Amino acid sequence: MGRKKETITYPSGTFSTSVSTGSTPMGLDLSSQTIEHYRPRVSYYMREQAGDFHYGKLHPMKPHRLTLTNHLVLNYGLHKHMDVFEPRRATEDEILEFHSSDYIEFLQRVTPDNQKDFANCFAEFNIGDDCPIFDGMWDFCRIYSGASIEAARKLISGSADIAVNWMGGLHHAKKYEPSGFCYVNDIVLAILQLLRYYPRVLYIDIDIHHGDGVQEAFYTTDRVMTCSFHKYNGDFFPGTGNIDEMGAGLGKFYAVNVPLQDGIDDRSYTQLFKTVMTAVMETFCPQAIVLQCGADSLGLDRLGVFNLSIDAHGECVRFMRRFGVPMMVIGGGGYTIRNVARCWTYETGIVCGTELPKELPHTVYHEFFGPDYSLHPQLSGRVVNHNSKAYLNQLTARILEQLRYLKGAPSVQMHEAPPDIQGFLEDQERRDKDIDEDREGGKENRGGRREHVAEFYESDHDQDDDTGLDV
Ligand SMILES: [Zn+2]
């Protein structure tokens, strides 16, 4: 309704493998501001339609943030520093590599028009306020998942060192059901691709919510280490992610959880991140990294309670880039959409090794970014920092201790040839069954689902409501 819409005019060569050079639309020569010696080849995945899906007027997840991000990325001229691709949709078979067939059949068939016929399945498939049925839902899933799968294959092919997909990163989706605004887990699908080639894959998650769906999928394997930094108090969505969740079976110690309290600031967060990740890189030695950059860990997020600036969030990306390991950079949460777009644009600049001017380039969505029109608005200060120095020191010590167990563990073979993937998947299936049985009656069981708390702020008008650009 009243939605102003601009068709992005892609500069020539955008959807090609050639990297053009020259000045940006603002006349800024970004190449002269290139930092660092590592010059990775960057692939960027975007599909214009992804920004047009709507979860619902009051739902905090707004795919329109992808449109805002792409407009900033293109108007900063970042397409000149990377190969931009319009990815294909994931096929049903590809999605079935992780998800169950009855759940996927349901996702394919249900629509807002026929949902009454499926109402008896809603409880089984966790459909409700967090995960509603919306128009084009299945297509949206295929678009963002297809991009993550293509990004993973691009790394495997060796034709990119870093692959960026801001549409992806939907880390809560489970094998049998959606969760926390996520229907298909594109991250698990991408990691399954990476495991065909790379013996060890590291998953890092800086979303404010625990990366539960990814952790659960790889909880019993030593080939994927999951490492999530998030708010945890046992109650905050999704309710998991305590420090004592470390993995099971062969995967014991390969799940790292960094539970944080409200209000963490830039300094504490980046220091903790660098200390933990340095130890993880030394002990696990991954051949590929998947970095989920959920932007709800920024200060002033509509659902989040941290104090991070865009600079500190981006510092995590910059730090991981320095290792020079093939890396997928993906989106995730982020509900104050003007800041999500700024953050992911800034991080696109970081992976390209390009410093962006603070003043935002002009786009048709310029009014979203007032009154400062800056890439780095002031975001901290809304929430008191409840992470004491003593708490953070204790947390760091416990995680480093967990990682020390890995060093002596016989399962960390530095073999270069990955095991047979089919065997791996069959093993995974068997272990999933064991875990399901183990968790019967526990907080992970299907009766114990959690919902996001207080996410539908009817009084909290997001910027888009003010401008009438997104309803
Ligand atoms: Zn989140």
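Q: Which residues are buried in α5?
A: In α5, the buried residues are Asp186, Ile187, Val188, Leu189, Ala190, Ile191, Leu192, Gln193 and Leu194. Buried means that 20 or more other C-beta atoms, placed from the backbone, lie within 10 Å of the residue's own; 12 or fewer is exposed, and in between is partly exposed. Helices (H or I, at least four residues) and strands (E, at least two) are DSSP runs, numbered from the N terminus.

Q: What kind of model is this, and how are residues numbered?
A: This is a predicted model: local features need pLDDT of at least 70, side-chain atom pairs count only at pLDDT 80 or more, and totals for chains, interfaces and linings use all residues. Residues are numbered from 1 along each chain as its sequence is written.

Q: Back to α5: why is it described as largely enclosed?
A: Nine of the nine residues of α5 are buried, so the helix is largely enclosed by the rest of the structure.

Q: Which residue does UniProt list for "active site"?
A: The unreviewed UniProt entry lists His172. UniProt positions follow the numbering used here, feature names are shortened, and annotations may be inferred rather than shown by experiment.

Q: Where does His172 lie, and is it buried or exposed?
A: His172 lies in the loop between β3 (162–165) and α5 (186–194). His172 counts as buried because it has 28 C-beta neighbours inside 10 Å.

Q: What does His172 touch?
A: Leaving aside residues up to four places away in sequence, His172 touches Ser179, Gly180, Cys182, Asp212, Gly213 and Pro238. Contact here means that the two C-beta atoms, placed from the backbone, lie within 7 Å.

Q: Turning to the strands, how does β4 pair with β5?
A: Strand β4 (residues 201–205) pairs with β5 in the parallel sense over five bridges. Two strands pair if DSSP finds at least two bridges between them. Asp205 has Ser228 of β5 as its bridge partner, and Ile204 stands opposite Cys227 in β5.

Q: And on which other strand does Ile204 have a residue opposite it?
A: Ile204 also stands opposite Leu291 in β7. Strand β7 (residues 288–292) runs parallel to β4, joined by five bridges.

Q: Which strand is joined to β5 by six bridges?
A: That is β6 (residues 255–260), which runs parallel to β5; Lys231 stands opposite Leu260 in β6.

Q: Which residues cover the two faces of β5?
A: Val224, Thr226, Ser228 and His230 are on one side, with Met225, Cys227, Phe229 and Lys231 on the other, all buried.
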